[in-house]
Amino acid sequence: AARLPNFALPVAVEVLGTGTYPRLPACLKEKIVPETPLSPSADKDTKIALEGIICQRMVANDLPDELFNFSIGDGRVTFTVDNEFKVALTVLSPAFTLPWRLLSLDILVRDPERPKDSLVTPPQVDYLHRLAQSRLFMKDAPLQEIYNCLRILSLSGCATCVFFL
């Protein structure tokens, strides 16, 4: 005669009664259950600490003169080089061994005949973003490297990336 399998009644009662399953394996829990977001005060404290770490990094790095137009806020530093580019960077750790992370990149070079139109397309900006991030992995002078890279692209009117993409 056919037999039905034993159902996990204690587990079912626990899940239905409490709404949770505490014995869920950690590997599944990490992938499925979302982390609880930071409270607004913890978020603010984290950003303030992050801004302090960014200030320490900037003091420790030789900053090119052209990158002295910057602002620090919201857990990031934003460098603006007029009519060329604007980049926002952050760090993931206070450890100086971990590189800067590029959050955003805006190319400010415009065609004088069409100042509202960008010279680069979104796929080209993605390529430039990856290129700039790779320059930040340079150990010696990452900010100088990203400046040099974006400066050359800006001065060339992004002709190199437009031609090759």
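The expected span of a helix is 1.5 Å times one less than its number of residues. The model examined here is predicted. H4 covers residues 122–136. Its buried residues include Gln124, Leu128, Ala132, Gln133 and Leu136.

Gln133 is one of the residues of H4. Its relative accessibility is 12%, so Gln133 counts as buried, the limit being under 20%. Beyond residues up to four places away in sequence, Gln133 touches Trp100, Arg101 and Leu102.

Helix H3 (40–60) can be described in the same terms. H3 has 21 residues. From first C-alpha to last, H3 reaches 30 Å, close to the 30 Å expected at 1.5 Å a residue. Within H3, Glu51, Ile53, Ile54, Arg57 and Met58 are buried. Viewed down the axis of H3, the buried residues fall within an arc of 165 degrees, so they line one face of the helix. An α-helix has 3.6 residues a turn, so residues three or four places apart point the same way. Asp45, Val59 and Ala60, on the other side of H3, are exposed. The cover over the buried residues of H3 includes strand E1 (70–73), E2 and E3.

Attention now turns to the core. In soluble globular proteins, nonpolar side chains tend to be buried together. The largest nonpolar core in this model has 27 residues. Leu67, Phe79, Phe85, Leu89, Trp100, Leu102 and Leu150 touch the most other members. At least two residues of this core come from each of H3, strand E2 (76–81), strand E3 (85–90), strand E4 (101–107), H4 and helix H5 (142–155). H5 gives the most, with 6 residues. Leu150 has contacts with Phe85, Val87, Leu105 and Ala132, leaving aside its neighbours within four places in sequence.

Aromatic rings were examined next. A pair of aromatic rings is described by the distance of the centres and the angle of the planes. The count comes to 2 aromatic pairs. In one of them, the ring centres of Phe70 and Phe79 are 5.9 Å apart and the planes are at 55 degrees, so the pair is tilted. Phe70 has a relative accessible area of 33% and is partly exposed. Phe79, at 1% relative accessibility, counts as buried. The rings of Phe85 and Tyr147 also form a pair, with centres 6.2 Å apart and planes at 50 degrees, so this pair is tilted. Phe85 lies in strand E3 and Tyr147 in helix H5, so the pair ties together parts that are 62 residues apart in sequence. Phe85 and Tyr147 are both buried.

A charged side chain also meets a ring. Arg57 lies over the face of Trp100, at 5.6 Å from the ring centre. Arg57 is one of the buried residues of H3. Trp100 is listed with the core residues that touch the most other members, and Trp100 is also touched by Gln133.

Phe137 lies in the loop between H4 and H5. At 41% relative accessibility, Phe137 counts as partly exposed. Phe137 and Pro99 are 38 residues apart in sequence, but their C-alpha atoms are 5.6 Å apart in space. Phe137 touches Pro99 and Arg101, not counting residues up to four places away in sequence. Arg101 is in contact with Gln133 as well.

Most residues other than glycine have a negative phi, and most peptide bonds are trans. Asp74 is not a glycine, yet has a positive phi of about 60 degrees. Asp74 is found in the loop between E1 and E2. With 47% relative accessibility, Asp74 counts as partly exposed. Asn83 is not a glycine either, and has a positive phi of about 60 degrees. Asn83 lies in the loop between E2 and E3. Its relative accessibility is 64%, and Asn83 counts as exposed.

Technical notes
Residues are numbered from 1 along each chain as its sequence is written. This is a predicted model: local features need pLDDT of at least 70, side-chain atom pairs count only at pLDDT 80 or more; totals for chains, interfaces and linings use all residues. Side-chain values use heavy atoms; hydrogens and water are left out. Helices (H or I, at least four residues) and strands (E, at least two) are DSSP runs, numbered from the N terminus. Buried means under 20% relative accessible area, exposed over 50%, partly exposed in between (1.4 Å probe, protein chains only). Contact means heavy atoms within 4.5 Å. A nonpolar core is a set of buried Ala, Val, Leu, Ile, Met, Phe, Trp, Tyr and Cys residues joined through side-chain atoms within 4.5 Å. The arc is that of the directions from the helix axis to the C-beta atoms. Rings of Phe, Tyr and Trp (its six-membered ring) pair if their centres lie within 6.5 Å; planes under 30 degrees apart count as stacked, over 60 as edge-to-face and the rest as tilted. A charge sits over a ring if NZ of Lys or CZ of Arg is within 6 Å of the ring centre and within 35 degrees of the ring normal.
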